[in-house]
Amino acid sequence: VDGMPLGIELAAAWVSMLPCAEIADEIERTIGFLETSMRDVAERHRSLRAAFDHSWRLLTDEQRRCFRQLSVFRGPFTREAAAAVAGADLGLLAELVSKSLVRRLDLGRYELHELLRQYAADRLAEDPDEPAEVRERHARFYVGMLVDRREALFGPRMSEARDELRGDVPNLGSA
């Protein structure tokens, strides 16, 4: 749960029933695993999904569209990639960062926490056509990145080109 307080609390409730490795496996399979049946807990804190649903309702339509489309990224991505794949300009990315839905990393990269990415991917899957369109834009962007560096990858600048692509390996593989 990468330090998410509610996630830690909900995961800790399973320690008496499951080994930590199994809890982690369940969390990776679905965020729905992290929930409580306790009634003395506020509704939006009974599960990570409920907390995420609450945040989702506070977003504008444009923020929702962008957030769900960013779910196709695996690992960190650049501002240029976010713009090409999800139509995210700097202002929109800043809004999602300020709402703690997207993290800004060093070197101008961004990423979604894996549990938030799963949630956004579930939201993306609600539309029958949108996922394929977004994955197509994602693939085109990353394949284009490789094509642009083709000469360098097979020439004397190979190590430099590999270094440039190192941060994009998860997305290149996904594309």
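Mentor: Start at H113: a polar atom of its side chain lies 3.0 Å from the backbone nitrogen of L115. A polar contact is a pair of N or O atoms within 3.5 Å; within protein, one must be able to donate a hydrogen and the other to accept it, and residues adjacent in sequence count only if both atoms are side-chain atoms.

Trainee: What kind of model is this?

Mentor: This is a predicted model: local features need pLDDT of at least 70, side-chain atom pairs count only at pLDDT 80 or more, and totals for chains, interfaces and linings use all residues. Residues are numbered from 1 along each chain as its sequence is written, and side-chain values use heavy atoms, with hydrogens and water left out.

Trainee: Where is H113? Buried or exposed?

Mentor: H113 is in the loop between β3 and α7 (114-124). H113 is buried, at 9% relative accessibility. Buried means under 20% relative accessible area, exposed over 50%, partly exposed in between (1.4 Å probe, protein chains only).

Trainee: How much of the chain is buried?

Mentor: Buried residues are 38% of the 175 residues.

Trainee: New topic. How many helices and strands are there?

Mentor: The chain has eleven helices and three strands. Helices (H or I, at least four residues) and strands (E, at least two) are DSSP runs, numbered from the N terminus.

Trainee: In what order do the strands sit in the sheet?

Mentor: The order is β1-β3-β2, in an open sheet with antiparallel pairing. β1 (77-78) and β2 are the edge strands, each pairing on one side only. Two strands pair if DSSP finds at least two bridges between them.

Trainee: How many bridges join β1 and β3? And which residue stands opposite T78?

Mentor: Two bridges, in the antiparallel sense. T78 stands opposite R109 in β3.

Trainee: Where are S100 and L107?

Mentor: Both are in loops. S100 lies between α6 (90-98) and β2 (103-104). L107 lies between β2 and β3 (109-111).

Trainee: Are they buried or exposed?

Mentor: S100 is exposed, at 57% relative accessibility. L107 is exposed too, with a relative accessible area of 84%.
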